[in-house]
Amino acid sequence: WERESNILGVSLLDPTRQFFRTMSEHPYLYLEENLKKDSLEKISVDDITSFSLLSAAFQEQPMFKLFGTFLSAVINTHYKRTKTKEEYLIHTDHLDTPLHCIGTYNKARVRVKGNVGENTGFYMKCGKLSIVGNSSSFLGRHMGDGIIELHGDCANAVGEQMYGGEIIVYGNVFGQAGTNMIGGKLTVMKN
């Protein structure tokens, strides 16, 4: 893992190890602050894609399912610094467990190939999150703006407490949709 991490031109290994050592219920703000200290300008959008593939090395870690929070912090910090128009590509199809919280506070254009866990698009601010796979519960929870497209099915509670933006589910929702929704638009193509 260490050799592959260094190939990226910046060591994301230390922040990754720190992430698993200091896991808390809401690690996002801690992560974003610590990532600001590292030089993410030296990595490319393709490097972040490669890093998502390398994440399988951490599958045995307790709380690995929350690694989506870490990927979100990396993407958001990189996007904030570079303002790239490129789409970030995250692979999850090679993982045994879907990652929760991918797209937390998202502002960029992100495509996910594979299934995602709970709270994908959590507090999404803007941008676009396109998922080619299925989603666990709480897709777009507390979403403020932007677009989420799910090219698959959602377990339950899509758009819960959503107050802006748009969610399009091209599959089915197996449970509630739009619970306590304040604003925004939610479309389910099947069911």
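**The cavity and its surroundings**

Mentor: Ser72, Ile75, Asn76, Ile102, Gly103, Thr104, Asn106 and Val110 line the largest cavity. (On a 1 Å grid over the protein atoms alone, a cavity is a set of points where a 1.4 Å probe fits but cannot get out, and lining residues have an atom within 4 Å of a point.) Bear in mind that this is a predicted model, where local features need pLDDT of at least 70 and side-chain atom pairs pLDDT 80 or more, while totals for chains, interfaces and linings use all residues. Numbering starts from 1 along each chain as its sequence is written, and side-chain values use heavy atoms, leaving out hydrogens and water.

The space comes to about 30 Å³, counted as what is filled by probe spheres set on points joined across faces, edges and corners. One cavity of 30 Å³ or more is present in the structure. Its lining splits into three nonpolar residues, five polar and no charged; Gly counts as polar here.

Helix α5 is the biggest contributor to that lining, with three residues. Angles run from 0 to 180 degrees between N-to-C directions of axes fitted to C-alpha atoms, for helices over the stretch in contact, and contact means heavy atoms within 4.5 Å.

Val110, one of the lining residues, sits in β2, opposite Tyr88. β1 and β2 (residues 109-113) are joined in the parallel sense by four bridges; DSSP must find at least two for strands to count as paired.

Leu139 is buried, at 0% relative accessibility (buried is under 20% relative accessible area, with a 1.4 Å probe and protein chains only). Beyond four places in sequence, Leu139 touches residues including Ile131, Ile148, Leu150, Ile167 and Val169. With Val169, 30 residues away along the chain, the C-alpha separation is 9.8 Å. Glu160, in the loop between β4 (147-150) and β5 (163-169), is buried too, at 12%.

Definitions and conventions. Helix = DSSP H or I, 4+ residues; strand = E, 2+ residues; numbered from the N terminus. Buried < 20%, exposed > 50% of the residue type's maximum accessible area, 1.4 Å probe, protein only. 1 Å grid on protein atoms, 1.4 Å probe; cavity = no way out; pocket = protein on both sides within 12 Å on 5 of 7 lines; lining within 4 Å.
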